[in-house]
Amino acid sequence: MAVSIAVLPGDGIGPEIVREAVKVLEVLNKRFDLDATWKEAGIGGAGFDASGDPYPKATRELVHASDAVLLGAVGGPQWEALDKPLRPEAGLLGIRADLGLFANYRPTKVHSQLLDASTLKPDVIDGVDILVVRELVSGIYFGQPRGIETVDGERRGYNTMAYRESEVRRIARKAFEAARLRSNKVCSVEKANVLEVSELWRSVVIELHQAEFSDVELSHMYVDNAAMQLIRNPKQFDVIVTGNLFGDILSDEASMLTGSIGMLPSASIGEQFAMYEPIHGSAPDIAGKDMANPLATILSVAMMLRFSLNRIDLAEKVEQAVEHTLDAGIRTTDLAYAGEQAVSCSAMGDAVCSALEALA
Ligand SMILES: NC(=O)c1ccc[n+]([C@@H]2O[C@H](COP(=O)([O-])OP(=O)(O)OC[C@H]3O[C@@H](n4cnc5c(N)ncnc54)[C@H](O)[C@@H]3O)[C@@H](O)[C@H]2O)c1
Ligand SMILES: CC(C)[C@H](C(=O)O)[C@@H](O)C(=O)O
Ligand SMILES: [Mg+2]
């Protein structure tokens, strides 16, 4: 069956890493039986520069007409002076909200070939396999009121962290369902000792657990402790379910268990649409140098094959190709801590494509 993909490279390293992921799609079309077509459109700073809107109308129309979306990354210093609604990041929040992508899955899997790349001891991280399930279209990112006002002659900035019961219930449900397919453990992370929004979060998670998921082991952890436990003993976690801001922070932290933020893919899923993107940003410090790690984006393609295109077989091939590439000692700069010679972003993409072709 023919499938259509909207490809949104974005800014900074976005076009570089997405180019390598598209090469993988080309191999799947040519050497396997994927029948995918794709079209590119602008998002973030690229969207703003072309049309004055970080989530342009043409992009919106394309993603609504596609089976899945692949996004690189958005943002960069050249757009920082813009008004908030025009910034690249507003384009990303805009597409997530527009497509209703409330569930963001961020798998953190330690590859045994990369134990040297992590700053943590091998026995602490070997075998780590955590799924962060992050709420993506609510919480403090979207809560009202928000703004900067002048109070008593000085500026005061404020945001609102709010969750409705229904929003907590639907993300918690996704976490429990995911846990049933894994090690059957959910840790719900919030700050219920201080925040009412977290108090509600915890009580809704407990209600849902008692009503429908009592077979799943449930624990609760304050976010500050969770940040520490992720480094102290990451293997205690299976599924972590948390809100938008805490999930953003904890997933970047968790990525370093794997050796690099360049290793973590993600799937953002709603009722109707799905988008796949690495968890990292546009990395302005290395953009344009062909040195980014494209594996997070390539592994996001594997998630797309599995969850949106109904091709688990091809998802597994892509994941195997990544494993074989790591087995061969091929490392981009972010992974090359043990004296290995680093390869470029495009060479890493080529290596994964060759490994994939060898599996055809
Ligand atoms: N999903 C997204 O589009 C997304 C995510 C995070 C940040 N951002 C945006 O990206 C810009 C830069 O943000 P930041 O510097 O805080 O975070 P970042 O994730 O872009 O970079 C953080 C550090 O990680 C490195 N890094 C990131 N991805 C890498 C990769 N694939 N390979 C090798 N190294 C990699 C960078 O070089 C940098 O040193 C900002 O405008 C931010 O808003 C976008
Ligand atoms: C760029 C930013 C809006 C985004 C977020 O905070 O969600 C990013 O950090 C991410 O993790 O995808
Ligand atoms: Mg982030």
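Residues are numbered from 1 along each chain as its sequence is written, while chains are lettered from A and ligands numbered from 1 in the order in which they are written. Because the model is predicted, local features need pLDDT of at least 70 and side-chain atom pairs count only at pLDDT 80 or more, whereas totals for chains, interfaces and linings use all residues.

The chain is divided into domain 1 (1-109 + 260-360) and domain 2 (138-256), with bounds that come from an automatic or database domain assignment. The centres of the two domains, taken over C-alpha atoms, are separated by 25 Å. Contact (C-beta atoms, placed from the backbone, within 7 Å) links 12 residues of domain 1 with 10 residues of domain 2. On the side of domain 1 that touches domain 2, α4 (88-98) and β4 each supply at least two residues, and β4 gives the most, with four; helices (H or I, at least four residues) and strands (E, at least two) are DSSP runs numbered from the N terminus. This side of domain 1 is made up of eight nonpolar, three polar and one charged residues, where Ala, Val, Leu, Ile, Met, Phe, Trp, Tyr, Cys and Pro count as nonpolar, Asp, Glu, Lys and Arg as charged, and the others, Gly among them, as polar.

Around ligand 1 there are 22 residues, of which Gly75, Gly262, His280, Gly281 and Asn293 come nearest; a residue is placed in such a shell if its C-beta atom, placed from the backbone, lies within 6 Å of the molecule. This shell holds 11 nonpolar, seven polar and four charged residues.

Helix α6 (residues 165-180) reaches 22 Å from its first C-alpha to its last, close to the 22 Å expected, the expected span being 1.5 Å times one less than the number of residues. Its buried residues (20 or more other C-beta atoms within 10 Å of their own) are Val168, Ile171, Ala172, Ala175, Phe176 and Ala179. These residues lie on the same side of α6 because they cover an arc of only 145 degrees around the axis, as given by the directions from the helix axis to the C-beta atoms. Among the elements that cover them are β4 (103-109), β8 (185-190) and α7 (196-212).

Leu314, in helix α11 (residues 312-327), counts as buried because it has 23 C-beta neighbours inside 10 Å. Apart from neighbours within four places in sequence, Leu314 is in contact with Leu28, Phe32, Leu34 and Leu305.

Definitions and conventions
Buried ≥ 20, exposed ≤ 12 C-beta atoms within 10 Å, placed from the backbone. Contact = placed C-beta atoms within 7 Å.
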